[in-house]
Each structure stands twice: as C-alpha cells, then as structure tokens.
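Morning, everyone. Please have a look at the structure on the screen, and then I'll walk you through it.

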Amino acid sequence: KQWYQRRVRGMTKGIKDAILEELRASDILPVSSETVHNQLYDLLINTINNGEGNSCLIVGPRGTGKSALVNYTLNKVRNNTATAFVFVYLNGYVCETDQQALREIAKQMCPEDKLEDLNLTSFAATMTFLLETLSSGNKENQSVVFILDEFDLFTQHHNQHLLYNLFDLSQSKSTPLAVVGLTCRQDVMELLEKRVKSRFSHRQLYLYGPGSFEEYLQVVEDLLCPSSVKCDDWKIALKKTLNDTDNNKLKVHLERIYNYTRNIKVLKNILIWVAVDLNPDEPKINVTMFEEKLINYFRDSIAMLVRSLSKLECCLLISMARLSARHANQPFNLEMVLYEYKEFVTFEGSKLNALPNHVLAVRAMEKLTQCQLVRNLSTRQKKVQKDYRQMYLNVDIMDLMNIFKTCNLPSAVQKWAQSTLMFT
C-alpha cells in the first residue's frame, strides 16, 4: 500500500510539473493559428536564407497569443536553419521615444565594449550609426529581425522617424531586414503617416482567440493535458470531467470565464492556481477547485472597483444590467440607459434626486468604459454620437448583483438592483 501511494504521488508530481510548465511557457503555438504561423515562418525564412527584406503586422486582441506565436516561430526558424541572424526586440511601453528605441537597438546589436567606444550620446549620432551599419551590408550579411511589440505606440513618436527608416531599409538591397509589428489595434494602418505607409508592405496577419465555447473547452483540455503527460488515466478522467453532461457545473464556471473574457492569459492564471492545488493522493480536477479560484480572481477585484463608484455610476451600471438581462445581452447605448434610469426615478418620485445633467452622465459612462466594466461594440464608432454608441456589459449580472448587496446605496436603489434578477 505504501509503495502504491508513493507511485501515485510521484505520478501526480510529474503531471503537475508538466501542466505548470505548459501553462508558464511563452513559446507555444496558440489555437487556430497554423495559417498565420506558416505565413510568418515563410516570411522569416525568406529573409534569413534568401536575403529578402520583409515587413508585416500581426493584429489581434490581447491574450490571443501574438507574442507566443512569434516566439514559437523564431524557435522553429533557429532549429530549421543553419544561417545565423540578429534578433532585436522593442516594446512600445519601454521605448517611449525614438531616441530610447535607438539606444535599445544599439545595445542589442553591438557588444557592450564596442558600444562604449562609439560614444552614442545624441539622437543624431545613434541614428547615423545604425543607418550606416544596416545600409552598408549586402545579401550575404547576417539578417536582422526586428520585433516591435505594442506597435501602435511607436506610431505616436514624433514624425515616425524610426518606423520610416526601418521600413525603408526593409525595401532596400542592403542588409536583409524583417520588421514584424504586434498590435491589438484594428485601425493601426490609419495611424501611419503617408510616407511610412509607402514603405510598408501592407501585409497584415490576423490572429483571433477561440471563436466558440467548444474551441475554448478544447484549449482548456490542451493546457491541462499537454503532450508531455503520458498518463492515460489522467487524460480519460479529464475528458470525462469536461464532457460530463449530468453534472455540468464545471462547464458553467468555464463558460463564465469565456463570457467575461476570451483572454487566454486569464485562463492560464486560473488554471495555474488549480494545478498547484492538485491533491497528491488523488490527482483529479473537481468543481470546488474552480469555484474557489474564480471567487478569488473575479469577485475581489471587481467588487473593489464597483464599491469605489459614485451613486450615479452605480445607477447607470444597474440600468445596463437590467437592459442586458431583459434583452438577452443585446447591445445598448447611453440613450437607452438614461431612459431606463429615468423610469426608475419617475417611479420613486421624491425619494431620489432628479436626473443628472447630460454632461455628468457622459462622463460617468466614460469612466465605466475606462474601468472595463463596459466595452464598446466596435472601435469604428468614433464618428457616431456618444449617446448612440453601442456597448456591452463586461461583468456577469449575477456577480454584479451580489456585489451591490455589499455597497452603501440607498434602500430604493438596492431594491431596484435586486429586481434585475427577475429578468435573468
């Protein structure tokens, strides 16, 4: 019996380590990204092996695996080609100006001892040095691969000098150069100046997260059952738990995560907590583990945020919850929200203050959007009047009602909030 327990514990430790390694890895091919991966791989191979200059943008929402895709592709390129290349990574949050970006490029391309001898103290000197270095080569030189993370932030730099010169060099016959930008902005092309657009290849690769809940469940199964796990009993038990139609509480919890956000990073963080708590004597995923982690992950952060809102912002949030519950999560706009609130104030009469002026209501809605409690239906609504921009509620209605119970709101508002549950 002791031998059997030691064996089970050793097996559980192996499963836990494999799952945690999978969840923490940053170079795993995201789901449904094979086509984009193949296109990016061909682009980099043509630059490194054939000396071609290329540029592209990888566009997709946050958490869909853009960075993981690039890391996976670069590792595959390194393993499949004997040709050496220089890799330069820049992040828009770190490099707030072109001067900071140029210094970072010089640090990554040149040895430290040589960099000290060059004495690159000014923007002009650094730009001149890099342009001479990159333009003095030919197709036989080592290729350079630039990865510009948060690409849209680089478009905010003065005159977009860095982008223009990188795209211009990628089209020249000098050192083979590939420029790959990562962004979550769908309108990123509109941010580029005309002269920068003229140097860009206009190649855009789109990456999307799971398109359905079934695909999302497959992602969960892949993360909790990586290829390195050889235990068939674990795989069978996991599939049975995820596909159990009689007791589908686990699916309900996973669907709540899916409806809240499609960000795979959020899912990975929750699954890491679940994997850490695996019982060494009985390696099994159960509903209780997910319930505890969901409470810790969602309710605490959202509850603190909702409790910090003003009475007006809470009332608008309640109006949105009522509209979402009544119309099966259909989009709404500020005009509909204010009409819902107006009906409540009219019914309560003198118990509440009069409706706020329009300016305050717009500001309150903007704050709720900034707090990500509400999200816009589309980014292409800039020309639409603020009153008629379509939005969705970004919080689970049941969770929101439970949070309102702990908020310091007038009793009439509390009753109004809890009456929302009639429509769910």
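**Sheet, helices, cores and salt bridges**

Let's start inside the sheet: S55 has V179 as its bridge partner in β4. Keep in mind that this is a predicted model.

That bridge belongs to a wider pairing. β1 and β4 run parallel and are joined over 6 bridges. On to β3. It is also parallel to β4, and 6 bridges join the two. One of the partners here is G181 in β4, which bridges to L148.

Now the whole sheet. What is the order of its strands? It reads β2-β3-β4-β1-β5. That makes 5 strands in an open sheet, with parallel pairing. The edges are β2, residues 85-91, and β5, residues 204-206. Each has a single partner strand, so one side of each has no neighbour in the sheet. From one strand to the next, the twist averages 20°.

β1, residues 54-59, pairs with β5 in the parallel sense over 3 bridges. V59 has Y206 as its bridge partner in β5.

Next, the helices on the sheet. Helix α3, residues 66-80, packs there and touches β1, β2, β3 and β4. The direction of α3 makes about 170° with that of β2. Helix α2, residues 34-50, lies across β1, β2, β3, β4 and β5. α2 runs at about 160° to β1. For reference, β3 covers 143-149 and β4 covers 177-183.

Is L40 buried or exposed? Buried, with a relative accessible area of 1%. What does L40 touch, beyond its neighbours within four places in sequence? The contacts are C56, I58, V70, T73, V180 and L205. Look at I58 in particular. L40 and I58 are 18 residues apart along the chain, and their C-alpha atoms are separated by 9.1 Å.

Back to β4 for a moment. How many of the residues of β4 are buried? The count is 7 of 7. In a regular strand, side chains alternate between the two faces of the sheet. Here is how that looks in β4. L177, V179, G181 and T183 point one way. A178, V180 and L182 point the other way. Both sets are buried.

Now the nonpolar cores. The largest has 42 residues. Inside this core, the residues with the most contacts are L316, L317, M320, L400 and F404. Which elements give two or more residues to this core? They are α14 (287-307), α15 (311-326), α16 (334-348), α17 (358-370), β7 (391-393), α18 (397-404) and α19 (411-418). α15 gives the most, with 10 residues.

Setting aside neighbours within four places in sequence, L400 is in contact with V306, L317, A321, L393 and V395.

Last topic: salt bridges. How many does a search of the whole structure find? There are 8. I'll show three of them.

One is R199 with D168, where the closest N and O atoms are 2.9 Å apart. R199 sits in the loop between α9 (194-197) and β5, while D168 sits in helix α8, residues 161-171. So the pair ties together parts that are 31 residues apart in sequence. R199 is partly exposed, at 25% relative accessible area. D168 is partly exposed too, at 29%.

The next is E193 with R195, at 3.3 Å from N to O. E193 is partly exposed, with a relative accessible area of 30%. R195 is partly exposed, at 31%.

Then comes E340 with R326, at 2.8 Å from N to O. Which helices hold the two partners? E340 is in α16 and R326 is in α15, so the pair ties together parts that are 14 residues apart in sequence. E340 is buried, with a relative accessible area of 5%. R326, by contrast, counts as partly exposed at 35%. Shared partners join R322, R326 and E340 into one network of salt bridges.

That's the tour. Over to you for comments.

Methods
Residues are numbered from 1 along each chain as its sequence is written. This is a predicted model: local features need pLDDT of at least 70, side-chain atom pairs count only at pLDDT 80 or more; totals for chains, interfaces and linings use all residues. Side-chain values use heavy atoms; hydrogens and water are left out. Two strands pair if DSSP finds at least two bridges between them. Helices (H or I, at least four residues) and strands (E, at least two) are DSSP runs, numbered from the N terminus. Axes are lines fitted to C-alpha atoms, for helices over the stretch in contact, and angles run from 0 to 180 degrees between N-to-C directions. Contact means heavy atoms within 4.5 Å. A nonpolar core is a set of buried Ala, Val, Leu, Ile, Met, Phe, Trp, Tyr and Cys residues joined through side-chain atoms within 4.5 Å. Buried means under 20% relative accessible area, exposed over 50%, partly exposed in between (1.4 Å probe, protein chains only). A salt bridge is a side-chain nitrogen of Lys or Arg within 4 Å of a carboxyl oxygen of Asp or Glu.
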